[in-house]
Amino acid sequence: MSHFLDISYQSLNKFGEEICGDQVKIARTDTKTWVVLSDGLGSGIKASILATLTSQIIITMLKADAALYDVVETILGTLPICKVRNIAYATFTVVEIDHHSFHFRVMNFDNPETFFFKAGGVQQKIEPKILNILDKKILLREGMLEEGDFLAAVSDGVWYAGLGQTFNFGWGWNNIAEFMAEILHSRVNTAQTVVERVLDYANMLYGSQPGDDATLIGLYLRPRHSAMIFTGPPGT
């Protein structure tokens, strides 16, 4: 391939917690790449276990060639529901990318909407197809990645950064999108650059004391870079 799918992710732990309640799993085969972000209810060890189980089951089934729809149906059928809040114990976003065409699919269950930017940081909205699986609403978005395009998924800890401080209702999707667009417009050359800058700013909005686990995954389709390495016996 003349292009390289650059993937980077980073998390902020909720202040006072040693373990992150968000989990990311990545798997690759010769034909596809999958990235899964799961956010466990609450924080700490319980949230981490729930998110780990959810993301691991999804990635294991996908690697075994299970259909994406069947994977989502299986997870929704097994996730317990909190009796107090009447919500699932873990949310998830699944990104599937075909290596040949760079066609992507994103299936989202109760996580914030994904971000998609064309080359140069031009934001592009993708209207979702709403799927009803086991009485749960799943948002499906599809598109094509071209050179310079950037796709990002976040947990709600990024969305709510600065809640009640800098922003009344948190950082929010539109503000995050504008911030990412500015970074991408500066012609960054790695996904890690975008991820680090966004989470550094989110941490600043939290006053370096995040009120929730916050995770960002960035997928950047860029030209493949080559390196030449010379090796030999050590000099005397």
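Which residues are linked with Glu-96 in a network of salt bridges? They are Lys-32 and Arg-105, which together with Glu-96 make up the network. A salt bridge here is a side-chain nitrogen of Lys or Arg within 4 Å of a carboxyl oxygen of Asp or Glu.

## Ground rules

This is a predicted model, with residues numbered from 1 along each chain as its sequence is written; local features need pLDDT of at least 70, side-chain atom pairs count only at pLDDT 80 or more, and totals for chains, interfaces and linings use all residues. Side-chain values use heavy atoms, with hydrogens and water left out.

## Salt bridges

The count comes to seven salt bridges. Take Lys-32 and Glu-96, whose side chains meet at 3.8 Å, N to O. Lys-32 lies in strand E3 (residues 32-40) and Glu-96 in strand E4, so this pair ties together parts that are 64 residues apart in sequence. Helices (H or I, at least four residues) and strands (E, at least two) are DSSP runs, numbered from the N terminus. Lys-32 is partly exposed at 27% relative accessibility, while Glu-96, at 8%, is buried. For the cut-offs, buried means under 20% relative accessible area, exposed over 50%, and partly exposed in between (1.4 Å probe, protein chains only).

Then there's Asp-6 with Arg-222, a salt bridge at 3.3 Å, N to O. That one links distant parts of the chain, with Asp-6 in strand E1 and Arg-222 in strand E11, 216 residues apart. Both Asp-6 and Arg-222 are buried.

## The open sheet and its helices

Five strands form an open sheet, running E1-E11-E10-E6-E7 with antiparallel pairing. Its edges are E1 and strand E7 (122-123), each pairing on one side only. Two strands pair if DSSP finds at least two bridges between them; E6 (residues 115-118) and E10 (residues 150-154) have three, in the antiparallel sense. Phe-116 has Leu-151 in E10 as its bridge partner.

Helix H4 (residues 173-185) packs on this sheet, touching E6, E7, E10 and strand E11 (214-223), and its direction makes about 30° with that of E6. Helix H5 (residues 191-205) lies across E1, E10 and E11, at about 20° to E1. Axes are lines fitted to C-alpha atoms, for helices over the stretch in contact, and angles run from 0 to 180 degrees between N-to-C directions.

Beyond residues up to four places away in sequence, Ile-7 touches several others, including Ile-26, Val-35, Ala-191 and Ile-217. Contact means heavy atoms within 4.5 Å.

## Helix H2 and its cover

Helix H2 (residues 68-78) buries Leu-68, Val-71, Val-72, Ile-75 and Leu-76. Looking down the axis of H2, these buried residues fall within an arc of 125°, so they line one face of the helix. The arc is that of the directions from the helix axis to the C-beta atoms. Gly-77 and Thr-78, on the other side of H2, are exposed.

What covers the buried residues of H2? The cover includes helix H1 (44-63) and strands E4 (90-98), E5 (103-109), E8 (129-133) and E9 (136-144).

## Ser-48 in helix H1

Ser-48 sits in helix H1 and is buried, with a relative accessible area of 8%. Its side chain reaches the backbone oxygen of Cys-20 at 3.4 Å, and a polar contact of 3.4 Å joins the side chains of Ser-48 and Gln-23. A polar contact is a pair of N or O atoms within 3.5 Å; within protein, one must be able to donate a hydrogen and the other to accept it, and residues adjacent in sequence count only if both atoms are side-chain atoms.
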